[in-house]
Amino acid sequence: MSHACKILQASAENIDLCVDLLRDEAVVGVPTETVYGLAGNALKEVSLRKIFEVKGRPMLDPLIVHFSSIEQAEIHAEFNEHARALAAQFWPGALTLVLPKKDTISDLVTAALPSVAVRIPEHPIFRSLLERLDFPLAAPSANPFGYVSPTRAEHVASTLGDRILAVIDGGACKHGVESTIVDLRDPDAPKILRPGPLSAEQLGMQDVEMELNQDSNKLAQAAPGMLTQHYSPNTPITLFGHDEQPNNVQKSEAVLYNTKPAGKVAENTFWLSESGDLTEIAHNLFMLIQKLDVRDYTQLKVERAEHVDIGIAVNDRLSRAAAK
Ligand code: TXA
Ligand code: MG
């Protein structure tokens, strides 16, 4: 555990303070509706380098740039009609679009790719920061590279707290998994690079989603951050099938179900939702994994989610967390 940084309540004064910090090229932990982000000036090399340094993230892994409006986003990325239509329907929200970049975006942001990932977030605190600033914010998830993503301010403070000045507390993140990333460089051949809160069906991209399930290596090349092993807690994770039971559970191991089991449960049994609601399962996933990770269990045995809607994103994160 690191030294905890300041967890700031979202008062007008503290928002002012964070605006000043960001103008001074510092990086700040910010709440979003997906997971907490580590935000810095997307147009300043110093800030961008700090983001990579604080996370211990390889420079080969490009960053998402967050904007306050589509007009702002269009200054830095080349939109096509398909992108504008999705943006109009889903922004502000948990959708990231990969589009050809304009010259204003540096190679540090994109890992020298000719494309940039852009998003307008929905969280009111993040939005109020963006509206006050005259530059966009680059923000990866605010976790050390490879570790579970943070869904509470305390997660950011306990893992990156000795390396940043502040994190703003926006409570528990609504979705609990990162945004859906859609590659729209070619408007006629859209691809889902990362499943998230918005499903392929919602995006009108059912056929594209099939491709995603089949080839995770191809995916890793398209979105360099989609490494097979990612989101890993320190305690080893193994998965068992949805609606199935884990094998051979030891007392030293924890079992994490989707839904609260009926009847009396053992002390090492946990669940993500009372009722099995998928939205709630996603919302609680990273939080519960991090909570169990600091106990002394030798292994976490986790049930896969039903493979529909946001359950696809949950299973994607679980597979990576369990990958060796
Ligand atoms: O919900 C989210 O998207 C959160 C919040 C903070 O906005 N951010 C987030 O960022 O998850 P990060 O850095 O943890 O994941 C960004 C992903 C990585 O997998 C990266 O490879 C991919 O986006 N990415 C970024 N730019 C890209 C590009 N130009 N082409 C393809 N993939 C890109
Ligand atoms: Mg991340």
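Which residue of E13 stands opposite Thr 259? Select both strands and look: the residue opposite Thr 259 is Ser 273 in E13.

Before going on, some housekeeping. This is a predicted model, in which local features need pLDDT of at least 70 and side-chain atom pairs count only at pLDDT 80 or more, while totals for chains, interfaces and linings use all residues. Residues are numbered from 1 along each chain as its sequence is written, chains are lettered from A and ligands numbered from 1 in the order in which they are written, and side-chain values use heavy atoms, with hydrogens and water left out. Helices (H or I, at least four residues) and strands (E, at least two) are DSSP runs numbered from the N terminus.

**Stop one: the sheet**

Select E11, E14, E12 and E13. These four strands form an open sheet in the order E11-E14-E12-E13, with parallel pairing; two strands pair if DSSP finds at least two bridges between them. E11 (237–240) and E13 stand at the edges with a single partner strand each, so one side of each has no neighbour in the sheet. On average, neighbouring strands here are turned by 25 degrees against each other, direction ignored. The axes behind such angles are lines fitted to C-alpha atoms, for helices over the stretch in contact, and angles run from 0 to 180 degrees between N-to-C directions.

Now colour E12 (residues 253–259) by itself. Six of its seven residues are buried, so E12 is largely enclosed by the rest of the structure. Buried means under 20% relative accessible area, exposed over 50%, and partly exposed in between, with a 1.4 Å probe and protein chains only.

E12 pairs with E14 (residues 299–303) in the parallel sense over four bridges, and on that side you can pick out Val 255 opposite Lys 301. E12 also has four bridges, again in the parallel sense, to E13 (residues 269–273). There, Tyr 257 has Trp 271 as its bridge partner.

Contact means heavy atoms within 4.5 Å.

To see what makes the contact, show the side chains of Leu 278, Thr 279, Ile 281, Ala 282, Leu 285, Phe 286 and Ile 289 on H10, then Ile 310, Gly 311, Val 314, Arg 317 and Leu 318 on H11. These residues divide into nine nonpolar, two polar and one charged. Ala, Val, Leu, Ile, Met, Phe, Trp, Tyr, Cys and Pro count as nonpolar, Asp, Glu, Lys and Arg as charged, and the others, Gly among them, as polar.

Ser 232 is in the loop between H9 (216–222) and E11. Is Ser 232 buried or exposed? With 13% relative accessibility, Ser 232 counts as buried. Leaving out residues up to four places away in sequence, Ser 232 touches Gly 146, Tyr 147, Val 148, Arg 320 and Ala 321.

Next, click on Lys 324, in the segment after H11. Lys 324 is exposed, with a relative accessible area of 79%. Its contacts, again without residues up to four places away in sequence, are Gln 229 and Ile 237.

Jump to Leu 95 in E5. Leu 95 has 0% relative accessibility and counts as buried. Among the residues Leu 95 touches, beyond four places in sequence, are Leu 86, Phe 90, Val 118 and Leu 203.

The peptide bond from Trp 91 to Pro 92 is cis, with omega near -5 degrees.

Finish at Ala 112, in the loop between H5 and E6. Ala 112 has a positive phi of about 70 degrees although it is not a glycine, and at 53% relative accessibility it counts as exposed.
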